[in-house]
Amino acid sequence: MFYYLFQCLSDKTDLPGLRLMDYITFRSGIALVLSLFIAIVIGRRIIDRLQLMQVGEIVRDLGLEGQMKKSGTPTMGGIIIILSILIPCLLFGNLSNVYMVLMVVSTLWLGSLGFLDDYIKVHRHDKDGLKGKFKIVGQVGLGLIVGLTMMMSPDIVSRHTAETTDTGSAAITQTVTVDETAEPVAASGHVDIKAPITTIPFVKSHNFNYTSLTRALGPAAALGGWILFIIVVIFLVTATSNGANLTDGLDGLATGTSAIIGTALAIMAYLGGNVIYSTYLNIMYLPGSEELVVYMAAFIGALIGFLWYNAYPAQVFMGDTGSLTLGGIIAVFAVLIRKELLLPVLCAIFYFEDLSVVLQVAYFKLTKRRYGKGRRIFKMTPLHHHFQKEGNPVGADGQPCEVLLKRPAHAIPESKIVLRFWIICIILAVITFVTLKIR
C-alpha cells in the first residue's frame with residue numbers, strides 16, 4: 001500500500017524522500033523492523049489471547065527431561081509469524097510482482113494447512129491432528145501451483161549475456177542460451193531465457209537445465225524438462241515443510257535454524273536480483289526477483305521477534321501453523337531464486353530430521369519381521385530427541401537400540417542442543433556459499 005502511495009506521490013510531486021521506495025534495501029530494512037515490532041508487540045497480545053482461549057499444547061510423556069512442564073503452553077503461535085510476514089509485505093511490497101505474489105500465496109496456503117492441523121489437535125483433542133495424506137495433498141498442491149506458475153508466467157525468466165555483432169546498419173543479437181531447447185527473448189546486450197534452469201555447485205557456469213535430462217523426448221524435450229522441474233519442486237516443498245515440522249520439537253530450534261537459512265537465502269536473492277553483483281560474481285541474474293528480498297527481510301524479522309517468546313523456556317509454541325509454513329516458505333523461496341539444488345546442504349538439518357524418522361520406522365519394521373521384536377537405530381526420533389534422551393541402550397518402550405551416534409551417558413540439556421544445532425546451521429550456510437566458488 002505504502003509502496004503504491006509513494007509511487008503515485010513521486011509522479012505528481014517533487015517532495016524529497018519519495019523515491020526511497022524505489023530502493024530494495026530501504027524497503028527491506030523497513031519490512032524487517034516492522035515485522036520485528038509486530039512479532040514482539042502484537043505477539044504478546046496474541047499469546048495472552050491464546051492463553052485465555054486455553055489453546056495449550058497437549059504433551060505426551062516420552063520420558064524427556066522437563067517435557068511435562070511444557071504441557072499447557074500456548075500453541076498455534078505460528079499466527080504471530082504469518083501476520084508479521086504478511087503485513088510488512090502488503091505495506092511495502094510490490095504486489096504486482098509475480099515473485100512476491102507467489103510467496104504471499106505460499107504463506108497463506110501452508111499457514112491455512114497448518115492452522116487446520118492445530119485446530120483439530122486443540123479443539124477436537126486429537127493429538128494426531130490432520131491426517132498425513134491431507135497434509136501431503138496440500139503440499140503437493142502448492143508445489144504444482146509454484147511449478148506451473150514458473151512455467152507459464154512470462155515475468156519469470158533468467159537473463160544471460162548476449163553477443164552483439166555490428167553489421168554497419170544494425171546490430172544483430174546472437175542469442176547465447178544454456179540449452180538449445182530454451183525459449184530466448186533477445187534484447188540489446190542480453191537474452192531472457194524461459195527454461196527450467198537452476199544453479200548447481202562445483203560447475204564452472206553454475207547453470208543446469210533440467211531439459212538436458214529429457215533430450216530423448218525430441219520435440220517434447222522442453223515440456224519434459226518443465227515436468228521434471230515441477231516434480232523436483234513438489235518433492236522439495238513436501239520434504240522441507242515436513243522437515244521443519246519435525247525439527248520443531250525443542251524451544252527455539254526450528255525458529256533459529258529457519259532464521260539462519262532465511263538470512264542465507266536473502267543474500268542469494270539480493271545478489272541474483274542485482275545485475276551488477278550477479279555479473280561480477282558470475283551467477284544467474286533473475287530480473288524482478290529482487291522483490292523477494294523484501295519478503296525475506298520480513299520473514300527474518302518475524303522469526304527473530306517470535307524467538308523473543310519461543311526461546312528456552314518457551315512462552316509459546318508455533319505449532320504446525322508455523323512449522324509447516326516455515327519449511328514450505330524456505331523451499332518455495334529457494335525454487336524461485338533457482339537455488340533449490342543447494343537446499344540439501346543449506347537445509348541439511350531439516351532433511352536429517354526427516355531421514356531419522358524414516359530410518360527408525362523402516363529399521364523397526366524390518367527387525368520386527370526378522371527377530372520378532374523391533375529394534376531402533378536411535379534412542380528417539382526426530383533426531384534432536386536422540387540427544388535429549390538418557391543414555392541407556394534401549395528406547396522408551398524398552399526395545400533394543402542400535403545407537404549410531406555416540407554421546408555422553410547423561411542427556412544433553414535442551415538449550416545446549418538448540419545452540420549446537422544453530423551453530424551447525426551457520427556452518428552449513430557458509431558451506432553453501434563456498435560451494436559456489438569451488439568449481
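Which residues touch the most other members of the largest nonpolar core? They are Leu 265, Tyr 295, Phe 299, Phe 333 and Leu 336, in a core of 97 residues. A nonpolar core here is a set of buried Ala, Val, Leu, Ile, Met, Phe, Trp, Tyr and Cys residues joined through side-chain atoms within 4.5 Å. Buried means under 20% relative accessible area, exposed means over 50%, and partly exposed lies in between (1.4 Å probe, protein chains only). Helix α9 gives the largest share of this core, twelve residues.

A word on the model. It is predicted, so local features need pLDDT of at least 70 and side-chain atom pairs count only at pLDDT 80 or more, while totals for chains, interfaces and linings use all residues. Residues are numbered from 1 along each chain as its sequence is written, and side-chain values use heavy atoms, with hydrogens and water left out.

Now step back to the whole chain. It has 14 helices and seven strands. These are DSSP runs, numbered from the N terminus: helices are H or I with at least four residues, strands are E with at least two. Of the 439 residues in the chain, 51% are buried. The chain exposes about 20300 Å², and carbon and sulfur atoms supply 66% of that area. Accessible areas come from the Shrake-Rupley method with a 1.4 Å probe; for residues, only the protein chains shown count as cover.

Next, look at contacts, meaning heavy atoms within 4.5 Å. Take the contacts with a separation of 6 or more: residues 24 or more positions apart account for 70% of them. Leaving aside neighbours within four places in sequence, Phe 299 contacts Ile 85, Ser 258, Gly 262, Leu 326, Ile 329 and Ile 330.

Move to Ser 323 in helix α10. Is Ser 323 buried or exposed? Ser 323 is buried, because its relative accessible area is 0%. Beyond its neighbours within four places in sequence, Ser 323 touches Ser 241, Ala 244, Asn 245, Asp 248 and Met 318.

Charged pairs come next. Side chains of opposite charge can pair when their charged atoms come close. A salt bridge is counted when a side-chain nitrogen of Lys or Arg is within 4 Å of a carboxyl oxygen of Asp or Glu. The whole structure holds seven salt bridges. One of them joins Glu 291 to Arg 27, with the closest N and O atoms 2.6 Å apart. Glu 291 sits in the loop between α8 (275–280) and α9, while Arg 27 is in helix α2, 264 residues apart. Both Glu 291 and Arg 27 are buried.

Another salt bridge pairs Asp 117 with Lys 121 (3.7 Å, N to O). These two are about one helical turn apart, because they stand four residues apart in helix α4 (residues 98–123). Asp 117 is buried, at a relative accessible area of 0%. Asp 320 and Lys 135 also meet in a salt bridge (3.4 Å, N to O). Salt bridges that share partners join Asp 117, Lys 121, Lys 135 and Asp 320 into one network.

What about the cysteines? A disulfide is a covalent bond between the sulfur atoms of two cysteines. It is counted here when a pair of cysteine sulfur atoms lies within 2.5 Å. By this rule there are zero disulfides. Cys 347 is in none, and the nearest cysteine sulfur, that of Cys 425, is 7.5 Å away. Cys 347 counts as buried at 0% relative accessibility, and Cys 425 is buried at 2%.

Finally, check the backbone in the loops. The peptide bond from Tyr 312 to Pro 313 is cis, with omega near -10°. Pro 313 lies in the loop between α9 (292–310) and α10 (319–336). The bond from Thr 381 to Pro 382 is also cis, with omega near 5°. Pro 382 lies in the loop between α12 and α13 (383–388). Met 76 is not a glycine, yet its phi is positive, near 65°. Met 76 is found in the loop between α2 (24–52) and α3 (78–92).
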